[in-house]
Amino acid sequence: MPDAVVIGAGPNGLVAANLLADAGWSVTVLEEQPEPGGAVRHDREVDPDFVNDLFSSFYPLAAASPVLRQLRLHEHGLRWSHAPSVLAHPLTDGRCAVLNRRVDVTAGSLDRFAAGDGDAWRRLHDVWEDVRPDILEALFTPFPPIRSGARLAYRLRTGGGLRLARSLVLPARRLGEEEFVGEGGRLLIAGNALHADLAPEAAGSGGFGWLMSMLGQTYGFPVPVGGAGELVRALVARLETRGANVQCGRRVDEVVVRGGRAVAVRTADGETVPAARAVLADVSAPALYGGLVAPEHLPAQVMDDLRRFQWDFSTFKVDWALDGRVPWRAEEAAHAGTVHLADGVDELTRFAAQNAMGQVPDRPFLLFGQMTTSDASRSPVGTESAWAYTHVPQRIRGDAGDDNLTGAWDQREQEAMADRVEQQVERFAPGFRSLIRARRVLAPTTLQTLDRNLHGGAINGGTASMHQQLIFRPTPGTGRAETPVPGLFLASAAAHPGGGVHGAPGANAARAALRRRAPAPLAAAQRMLARRDRTGRKNP
């Protein structure tokens, strides 16, 4: 009988399993899909000569994460690679804002939009360097972050800290207007905020855009050499050296609660897998509460609060194998791993407003990934492995374009939306479509099929808006890994601090489990449960 069962072999589940194994626990990880990784996987299905990431690709939070750093994954083969520039945001008139790991390069890019904006960027970077250790500790530790929170609170009372706090809750549009004269710096802040579902006018989007920009400034947006799945391969390899095992093709349908405590899980094939000490769930909050855990085991308030749970936007993604490098109007974009495609902050606002109204945007804001530029192993010399994704509403009420998209995402709708994505790229890179050797379309429904945590194509585990963060994530008063069921811990992006590949929710869940070990007398009861399951007797 394992000490712990982890449901889901995404990065958070694998981090949790590694930390428990480090503490001497025996661990079994059960994964529904035929391979581990969750939303961190790659394949060669677009073209055999090209490596394409299925979901996530760039990992600034992984590079900054003390959780992943302590796992020393480089000892298990993980290597990182960087594009020459972190990010570019070109405009159709040929101007381009560039985020580069060298502060002077970023500042010089912004000065070309408006003299003095480079110094404004340096001031924002100086603030970041002053608070970076405390912010990162607060971000990657359970809420409330006692030590880092106390230090940040002290800063808020001294040295202009209240002004910093105000800046962090500003909308991205307002923060950009206060800090920059030209559009370049504003584009970097607002574009990075829309890596989540935060519109330029949303409260807190300025702070999120600033955080993502500064993470890129300091750590870059690195990629694993060979494909996103190499990060998972290293996590699994490390775990297996500690005696744990990952079982794929094993869907969990139920968390068994007995005597008010989680004691086992039941798989789709009817097997009961007992857990002597803890069950950790790397699944979405709605899948766990009222799904894997029956409502009768949960407080009525949790189920009521869950009715108000808000998913983030759906995601529509296209992967390409390109016969040449992308012909950007703005040359600077050719050297960036990530390229943001929207013709100004106003177009970002228009995009976000259409999503808010339930309309499929007619000019979708694209996050465009140049993977061979970031890692030369991804495709043959002179070609580019590329992708772009955009957000669409979870519930579609109309189409702002001319294709009558309804959200059915049948073959016609998928192809029409993929064409719309390519037309948006063409605005900034004329001739792009002539380079396409092959493409793959990943509609919201496809993404969910490949990873059930991506409900309707949502990639963040729930909205990043302020009303569902910190003590409100996933529901009010549940900002930690502990759940209302003793012995059960939430280890997914549904818990603080939320989405992004950094391992913090998994680490927080593992540490919570280590603090709250199951009472020793439970072991006999759990062994009896397992025996009953093997002999075919009904479990109570």
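Which residues of helix α4 (residues 103-111) are buried? In this predicted model, local features need pLDDT of at least 70 and side-chain atom pairs count only at pLDDT 80 or more, whereas totals for chains, interfaces and linings use all residues. Residues are numbered from 1 along each chain as its sequence is written, and side-chain values use heavy atoms, with hydrogens and water left out.

Within α4, the buried residues are Val103, Thr106, Ala107, Ser109 and Leu110, where buried means under 20% relative accessible area, exposed over 50%, and partly exposed in between (1.4 Å probe, protein chains only). They lie on the same side of α4 because they cover an arc of only 155 degrees around the axis, the arc being that of the directions from the helix axis to the C-beta atoms. The elements that cover these buried residues include β7 (96-99), α5 (117-140), α9 (183-193) and α10 (205-219), contact being defined by heavy atoms within 4.5 Å; helices (H or I, at least four residues) and strands (E, at least two) are DSSP runs, numbered from the N terminus.

Cis peptide bonds join Arg473 to Pro474, with omega about 0 degrees, and His496 to Pro497, with omega near 5 degrees. Pro474 is placed in the loop between α17 (444-450) and β21 (488-490), and Pro497 in the loop between β21 and α18 (504-515).
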